[in-house]
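Me: I have a model open and would like to know what stands behind the words used for it. Could you take me through them, setting each value against its definition?

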Amino acid sequence: MLDILNAAIASRIANTEANPKVLADMHRWLDSHDERYAVVVACNPAGILGYASLNPYYAERASYRGVADVSYYLAPNAQGRGIGTRLMAELEAIARNNGFHKLVVRTFPTNIPSQKLLKKFGYRIVGTYEREAILDGTFRDVMALEKLLS
Ligand SMILES: CC(C)(COP(=O)(O)OP(=O)(O)OC[C@H]1O[C@@H](n2cnc3c(N)ncnc32)[C@H](O)[C@@H]1OP(=O)(O)O)[C@@H](O)C(=O)NCCC(=O)NCCS
């Protein structure tokens, strides 16, 4: 999972994180998830192909308890084979089961596979944050999308 995340960070089209993560970061991230804020992992006998997760969203505010931030990452050689679709379907079923009423996602306008996946699942484009992040000294816009589950 760490390798997959770091490949996404290095690609510069999948994550606003500027620096690679280390194993301790991944352990901390996994510890911040549980049955409600679930992580679903796609694997085959050779190993992990990718993962998707429901992440806390303003978790310190009880009023946002029904909203989860969604993220999804596949290994480069696992992309474009329907695995993201399967992960997203599984994650959404878990989100409904766990009582979330809304899913939110942020993605780069340049990330076409991500946007196609979100469109396929009926996410609505809320808008674009202009100059939201700085990567390699360059401003990057970030799109916000949402899907109401109930
Ligand atoms: C975004 C990502 C999870 C999509 O998963 P995936 O398994 O590659 O996507 P799927 O094969 O399930 O395809 C989903 C849709 O996107 C389209 N798609 C997939 N890859 C595409 C590509 N390279 N170019 C254009 N469209 C693409 C498919 O056609 C499909 O739509 P359709 O079913 O209507 O034809 C995956 O590409 C990925 O991990 N990318 C790198 C990490 C990343 O960008 N994460 C998102 C951070 S916000």
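Me: What makes β4 and β6 a pair of strands?
Reply: Two strands pair if DSSP finds at least two bridges between them. Strand β4 (residues 102-107) is joined to strand β6 (residues 138-148) by six bridges, and the two run antiparallel, so they count as paired. As for the names, helices (H or I, at least four residues) and strands (E, at least two) are DSSP runs, numbered from the N terminus. This is a predicted model, where local features need pLDDT of at least 70 and side-chain atom pairs count only at pLDDT 80 or more, while totals for chains, interfaces and linings use all residues. Residues are numbered from 1 along each chain as its sequence is written.

Me: How do you know that β5 and β6 pair as well?
Reply: Eight bridges join strand β5 (residues 124-135) to β6, again in the antiparallel sense. Ala133, for instance, has Arg140 as its bridge partner in β6. The two strands form a hairpin with two residues between them, and Asp136 in the turn has a positive phi of about 50°.

Me: Which other strands form a hairpin with two residues between them?
Reply: β1 and β2 do. Strand β1 (residues 39-44) and β2 pair in the antiparallel sense over six bridges. Asn44 stands opposite Gly47 in β2, and Val39 stands opposite Ser53 in β2.

Me: What is the order of the strands in the open sheet?
Reply: The six strands follow the order β1-β2-β3-β4-β6-β5, with mixed pairing. β1 and β5 each have a single partner strand, so they stand at the edges, and one side of each is left without a neighbour in the sheet. Neighbouring strands of this sheet are turned by 25° against each other on average, direction ignored.

Me: Which strands do α1 and α3 lie across?
Reply: α1 lies across β2 and β3, running at about 90° to β3. α3 lies across β1, β2, β3 and β4, at about 35° to β2. Those angles run from 0 to 180 degrees between N-to-C directions, with axes that are lines fitted to C-alpha atoms, for helices over the stretch in contact.

Me: Why is Ala52 called buried?
Reply: A residue is buried if 20 or more other C-beta atoms lie within 10 Å of its own, exposed if 12 or fewer, and partly exposed in between, with C-beta atoms placed from the backbone. Ala52 has 25 other C-beta atoms within 10 Å, so it is buried. Ala52 is found in strand β2 (residues 47-56). Not counting residues up to four places away in sequence, Ala52 touches Val40, Val70, Ser71, Tyr72, Leu87, Met88 and Leu91; contact here asks for C-beta atoms within 7 Å. The C-alpha atoms of Ala52 and Tyr73, 21 residues apart along the chain, are separated by 6.4 Å.

Me: What makes Ala8 buried?
Reply: Ala8 has 21 C-beta neighbours inside 10 Å, so it counts as buried. Ala8 is found in helix α1 (residues 2-11). Its contacts are Ala14, Asn15 and Tyr73, not counting residues up to four places away in sequence.

Me: Finally, what makes up the shell around the ligand?
Reply: A residue is near a molecule if its C-beta atom, placed from the backbone, lies within 6 Å of it. Of the 21 residues around the ligand, Ala14, Leu74, Gly84, Thr85 and Lys116 come nearest. β3 (67-74), α3 (83-97) and α4 (112-120) each supply at least two residues of the shell, and α4 gives the most, with six. By class, the shell has nine nonpolar, nine polar and three charged residues. Ala, Val, Leu, Ile, Met, Phe, Trp, Tyr, Cys and Pro count as nonpolar, Asp, Glu, Lys and Arg as charged, and the others, Gly among them, as polar.

Note on methods: Two residues are in contact if their C-beta atoms, placed from the backbone, lie within 7 Å.
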